[in-house]
Amino acid sequence: MDDQSPVMGLVHLLRAVTVEFDLLGAEFAARHGLHPTDVRALIHLLDAARAGKRATPGWLGEQLRLNSAGTTALVDRLERLGLVQRNRDTADRRRVLLEVEEKAMDLGWAFFGPVIGEVLVAAEGFEAGELETVRRFLTSVLESAGRAGSG
């Protein structure tokens, strides 16, 4: 593929955005004594809550590609830090559900709120149809990355 093509330009720009967000995540993790995997776990749990999905340790391990022991250690660490809580599922008492604590959300908003605000301001400069095109593109990229990571 031509490295100077418009499509490759998008690939390089997407990579640059990914690197910047990864650096922000690493800075957040370092400030709060977290491992980058802890931050990814919190993001997955917040996304699950926003989607109305019940997150179990097994589900979280799948998302992070961790084995059971690694997931347990991760959840134990997040629970000790007061960032995640384990709760019994009221519908199935054998199942444990994971919920992000208010403390984690407050820390996240304090750190990431300004950049989210900047992204919102940037997005306001686009028309609804343009935003839909960006959403479709990013959704397609996310699905492609998921297929590449699971293969």
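Buried means under 20% relative accessible area, exposed over 50%, and partly exposed in between (1.4 Å probe, protein chains only). The model is predicted: local features need pLDDT of at least 70, side-chain atom pairs count only at pLDDT 80 or more, and totals for chains, interfaces and linings use all residues. Residues are numbered from 1 along each chain as its sequence is written, and side-chain values use heavy atoms, with hydrogens and water left out.

**View 1. Arg135 and Glu132 form a salt bridge.** A salt bridge is a side-chain nitrogen of Lys or Arg within 4 Å of a carboxyl oxygen of Asp or Glu. Here the closest N and O atoms are 2.6 Å apart. Both residues belong to helix α6 (residues 128-150), three residues apart, so about one helical turn separates them. Helices (H or I, at least four residues) and strands (E, at least two) are DSSP runs, numbered from the N terminus. Glu132 is partly exposed at 33% relative accessibility, and Arg135 is partly exposed at 44%.

**View 2. Arg77 pairs with Asp38 in a salt bridge.** The closest N and O atoms lie 2.6 Å apart. Arg77 sits in helix α4 (residues 68-80) and Asp38 in helix α2 (residues 36-51), so the pair links distant parts of the chain, 39 residues apart. Asp38 is buried, at 0% relative accessibility, while Arg77 is partly exposed, at 27%.

**View 3. Arg54 and Asp89 meet in a salt bridge.** The N to O distance is 2.8 Å. Arg54 lies in the loop between α2 and α3 (57-64), and Asp89 in the loop between β1 (84-88) and β2 (96-100), so the pair ties together parts 35 residues apart in sequence. Arg54 is partly exposed at 44% relative accessibility; Asp89 is buried at 0%.
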